[in-house]
Amino acid sequence: MPRVRITAPPTTPAAVSRLRFALVGTLFSLVWSSAFIAGKVGMAASGPLTLLSLRFLLAGLLVWPIARLRAGTPGGVQGAGAPGRPERAPKAQQLRDGLVALLAGLLNNAVYLGLAFVGMRTVPAGLTTIVVSTSPLVTSALAALALRERLGWRAAAGLAAGFAGVVWIMRARALSGSADLHGVALILLGTVALSVSTLLYRKIAGRLDPWRIALIQLPASGLVLLPLAWWREGLAVLPSAAFFGSLLYLAVVVSIGTTLMLLWLVRHGGASRASSFHLLNPLFGTLLAVLLLGEHIPLSDLLGALPIMAGLGLVLQPRRA
């Protein structure tokens, strides 16, 4: 008699309100944007690859005991929002999910941030932000093609309006500074890697526990960057309170916090809607620079915030049946 494998139906994420989704996404953008300021502080005492490698290794070390504790609790490895799954996925599927999580993490941490931080040494911050903020547009196009996520006219118009606001805000900064084409190319390649990583999250966000995903991604990214940091920068660090404060903030708040929030956003809203919150990054980056560095906000920044907010509202508008 042939053996019959009984598998559980896929788990559907619990519905969340638009307000809750928007609040989590806004917090995600705020924390993500703060990484640039913390990164500048840390890079004053070390190279970009050295800082990133230490950041991810420290974050992975902090995540490990939490992931182990969750693995020992009922439903701890079954994915957020799926505490009642009847049985574990087959070993082959677990292996595939782990490999996808690893690839997504390397693209998001090692490739995107590695290229962006290296490129930022010779490219103005304004131009860097413009390039990175095109990620929602790239993600939406790839999601429509690869994941067949429907991109209606509201979402398309919203992304276009948001991107226009980003360009408006950062235009003056980009035009006033010099731009190194090699650095711009590195940041652009990193932005594409960020978009691909966001789409890969969609495949695993509902099947793996977010802490387990972080446990896979963070130390692997640090280990990949470690030999590159030794080769290019000699792992040189000038110890200081500012450096260690920057490293701790990047490891705990940014690396762990944004990873968990991004997984939650992709699971509950799809890759395109999750990526749309990157359009807020220039706005928050400017505000944080004013509050922490004493920079002046030009009127163009305030005017550019209007289409960003309007575009975000269109993207978050629920689809009609």
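Modeller: Gladly, and one definition comes before anything else: helices (H or I, at least four residues) and strands (E, at least two) are DSSP runs, numbered from the N terminus. This is a predicted model, in which local features need pLDDT of at least 70 and side-chain atom pairs count only at pLDDT 80 or more, while totals for chains, interfaces and linings use all residues. Residues are numbered from 1 along each chain as its sequence is written, and side-chain values use heavy atoms, with hydrogens and water left out.

Biologist: Is Arg121 buried or exposed?

Modeller: The cut-offs are under 20% relative accessible area for buried, over 50% for exposed, and partly exposed in between (1.4 Å probe, protein chains only). Arg121 has a relative accessibility of 51%, so it counts as exposed.

Biologist: Which residues does Arg121 contact, leaving aside neighbours within four places in sequence?

Modeller: Contact means heavy atoms within 4.5 Å. With those neighbours set aside, the partners of Arg121 are Met43 and Pro48.

Biologist: How far apart in space are Arg121 and Gly183, C-alpha to C-alpha?

Modeller: In sequence, 62 residues separate Arg121 and Gly183. In space, their C-alpha atoms are separated by 7.8 Å.

Biologist: Let us step back to the whole fold. How many helices and how many strands does the protein have?

Modeller: From the N terminus on, the elements run α-α-α-α-α-α-α-α-α-α-α-α. The secondary structure therefore follows from the DSSP runs. The count is 12 helices and zero strands.

Biologist: What percentage of the contacts with a separation of 6 or more comes from residues 24 or more positions apart?

Modeller: For background, the protein has 321 residues, of which 48% count as buried. As for those contacts, the share from residues 24 or more positions apart is 92%.

Biologist: Now helix 3, please. Why does the span of helix 3 agree with its number of residues?

Modeller: The expected span of a helix is 1.5 Å times one less than its number of residues. Helix 3 has 29 residues, so it should span 42 Å. That agrees with the distance between its end C-alpha atoms, which is 40 Å.

Biologist: Where is the kink in helix 9 centred?

Modeller: Helix 9 has 29 residues and reaches 39 Å from first to last C-alpha, close to the 42 Å expected. Helix 9 is followed by Gly270, with a positive phi near 90°. The kink, about 30°, is centred on Leu250.

Biologist: What is the phi of Leu235 near?

Modeller: Leu235 is in the loop between helix 8 (210-233) and helix 9. Its relative accessibility is 34%, so Leu235 counts as partly exposed. Most residues other than glycine have a negative phi. For Leu235 phi is positive, near 55°.

Biologist: Last one: what angle lies between the planes of Phe28 and Trp32?

Modeller: Rings of Phe, Tyr and Trp (its six-membered ring) pair if their centres lie within 6.5 Å; planes under 30 degrees apart count as stacked, over 60 as edge-to-face and the rest as tilted. Phe28 and Trp32 are four residues apart in helix 1 (residues 18-43), about one turn of the helix. Phe28 is buried because its relative accessibility is 0%, and Trp32 is buried at 8%. Their pair is tilted, with centres 5.2 Å apart and an angle between the planes of 55°.

Note on methods
The bend at a residue is the angle between axes fitted to the seven residues ending there and the seven starting there.
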